[in-house]
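Here are a few exercises to work through with the model open in your viewer. Try each task before you read its solution.

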Amino acid sequence: MKIKTLLFSLLSIMALGLSAQNNVAEEVAWVVGDEPIFKSDIEEQYQQVLYERAPIDGNPYCVIPERMALEKLFLHQAKIDTVEIPNSTVMQSVDSRINYLIANLGSREKVEEYFRKSMTDLRNQLIDVVRDQYTVQEVQRKITKNIKATPADVRRYFNTIPQDSLPMIPQQVEVKIITINPVIPQQEIDDVKARLREYSEKVNNGESEFSTLAILYSEDGSSTYGGEVGFRSRAELLPEYATAAFNLNDTKRVSKIVETEAGYHIIQLIEKRGDRINTRHILLRPKIAQKDLDDAKLKLDTLRTDILAKKNDLTFEQAALYVSQDKDSKNNNGVMLNVKTHSNMFEMADLPSEIGKIVADMQVGEISKPFVMINRATNRQQVAMVKLSKRVDSHRADFADDYQVLKELYEDHKREEMLNKWIEEKQKSTYVYIEEGWRNCEFKYKWLNNNLSNKQ
C-alpha cells in the first residue's frame, strides 16, 4: 500500500490555491500525537478532490481526515528515525511544479495573481509540502525495504488468486527499428547559424529583448514563455547545452551558438541557484528538404530489398548494427527499449504514433516499408523501417509469461500487509483524539479502539 499524500500532484497545488481563497474557521477535528488536523485542512483537501474529480470510496469527511492522520503517523516516525530529505531533491521537485504552473498559467505574474501570493511565499509553502511527501515515502520505504520475492513466493501467491481475478495483460509487441537521419545541406546549416548570430548581436547591442526574439523565432516549445526553460540540473539538459549554460555568468550577454541533437541554440542566463540553473534559449532547426527525405527513404528501401532477398545473408539485425542511427537500439539487434517499463515489450499505446499505426497491421517477422517519423528526443524528422519480432495477445496473467507482473503484484501485496501491521502497532503508542461529529465513520483502521484515543 502506498499512502497517498494529497498535495503531491500539480493539480493539487492548483486546488491549494482555490481553497486558499476561502475563509474556514480554524476548528480542530482530529489530533494525532501532538499534531492537530483542522477543519480547514480537511475542507482544503476536499476542494482538491472535487477539483481533480478524484473518486473517494466513502464519506469524504471520513476518508480525508483518516488519510491525513495516517500521514501524520509516518511524519512522527520520521522525527524518531531522523529522516532527512536532501534539499536538492526537494528543490528539484518544487522547481518542476513552479515551472509547470508558469507554463500553464502563462507567466510568473499570473501565477502570483492566481494564488494571491508572491512567488517567494508560494515556493516556501511548496517546499514544506514536498518535503513532507518525500519524508512519508522514505519512511514507507524503510518499513518495507526487506521485502524480497522468490519465484516460489510468487507462485504460491499466484495460486491463491482466482482465475477470474487475475489481471488482464494488454496486447504487447516487440519491435525492431532502423533509422537514418536525412542529410542536411551545409548551406542550410550556415543560414541557421547566420540567423542566430543576428539575434545575438541584437540582444548584445541592446536593440532587442532575448525573450521577444524567442517568442517570434524559436522553434522550441519554450518559445511561448520567451524561451525560458525553468530551473534544471546538468543531468536534465542536453550535454552541450548544459556545458554552455553553466559557463555563462552575465545575464545580459548571449552564449555562442551551441549545437545539440535538437538543433542549434543561443542561450541567455536568467539565474543560477546552487547546482541548478534557469536559462532561456532560441532554437533553430535546419530544414529538411523533401528531396533529402526521399533520398533517405530510397536508401532504406534498397536495404529492405536486400534483407528480404537475403543478399549476402544480410539480416535486419545486422543492418541495424551497421546502418541504423538509432543509438538506443542499434547495438541490441535493433530492438526498441520501452523506457516506461525498461523492457523490450510495448503496449500499443506506448509506441510512437507513427510506429503504432504501422505495426497494428503487420504480421510477426514482417518488415515495414520505410516511413517518415518524428524523433521524440530531438523533435526532428527521420526515416525509419521496423520489424515486428513478437506479438503477445491480450490475456489473463500467466505465471510463465508474466512473471514480472505477478512479482510486482506480490510485492505490492506484501507491502500493504507490512504497512497495515505497522500502522496498527503505531496506533497503540500514539495519542489520537477525534472530536464529536467526526467519529461516526467506518474507518479503515481502529482509531476509536485505541487505549490512548479520545481521552480529554
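**Exercise 1. Find which cysteines form a disulfide in this predicted model, and work out which parts of the chain they tie together.**

Step 1: Search the whole structure; one disulfide turns up.

Step 2: Identify the partners. They are Cys62 and Cys441, with sulfur atoms 1.9 Å apart, which falls within the 2.5 Å cut-off for a disulfide.

Step 3: Cys62 belongs to helix H3 (residues 60-81), while Cys441 sits in the segment after strand E13 (432-434), so the link ties together parts that are 379 residues apart in sequence.

Step 4: Check the handedness and the surroundings. The angle about the S-S bond is -70°, and the link of Cys62 and Cys441 is left-handed. Both cysteines are buried, that is, under 20% relative accessible area.

**Exercise 2. Work out the strand order of the open sheet of four strands, and say which helices pack on this sheet.**

Step 1: Write down the order, which is E9-E4-E11-E10, with antiparallel pairing.

Step 2: Look at the edges. Strand E9 (345-347) and strand E10 (371-374) each have a single partner strand, so one side of each has no neighbour in the sheet. On average, neighbouring strands here are turned by 60° against each other, direction ignored.

Step 3: Inspect the pairing of E4 (residues 172-180) with E11 (residues 381-392): nine bridges join them in the antiparallel sense.

Step 4: Helix H11 (residues 290-308) touches E4, E10 and E11, and its direction makes about 35° with that of E11. Helix H12 (residues 316-323) touches E4 and E11, at about 45° to the direction of E4.

**Exercise 3. In the hairpin of E1 and E2, find the residue that takes a positive phi.**

Step 1: Confirm the pairing. Strands E1 (residues 28-32) and E2 (residues 35-38) run antiparallel and share four bridges, and Val32 has Glu35 as its bridge partner in E2.

Step 2: Turn to the two residues between the strands; there Gly33 has a positive phi near 65°.

**Exercise 4. Describe how helix H8 and helix H9 cross.**

Step 1: Take the axes of H8 (residues 186-204) and H9 (residues 210-217). They come within 9 Å and cross at roughly 150°, which makes H8 roughly antiparallel to H9.

Step 2: Assign the hand: H8 passes H9 in a right-handed crossing.

Step 3: List the contacts. Tyr199, Lys202 and Val203 of H8 meet Phe210, Leu213 and Tyr217 of H9.

Conventions:
Residues numbered from 1 in each chain as written. Predicted model: local features only at pLDDT ≥ 70, side-chain atom pairs only at ≥ 80, totals over all residues. Heavy atoms only, no water. Buried < 20%, exposed > 50% of the residue type's maximum accessible area, 1.4 Å probe, protein only. Pairing = 2+ DSSP bridges. Axes fitted to C-alpha atoms, helices over the stretch in contact; angles between N-to-C directions. Contact = heavy atoms within 4.5 Å. Parallel < 35°, antiparallel > 145°, perpendicular 65-115°, else oblique. Left-handed = near helix turned anticlockwise from the far one by under 90°.
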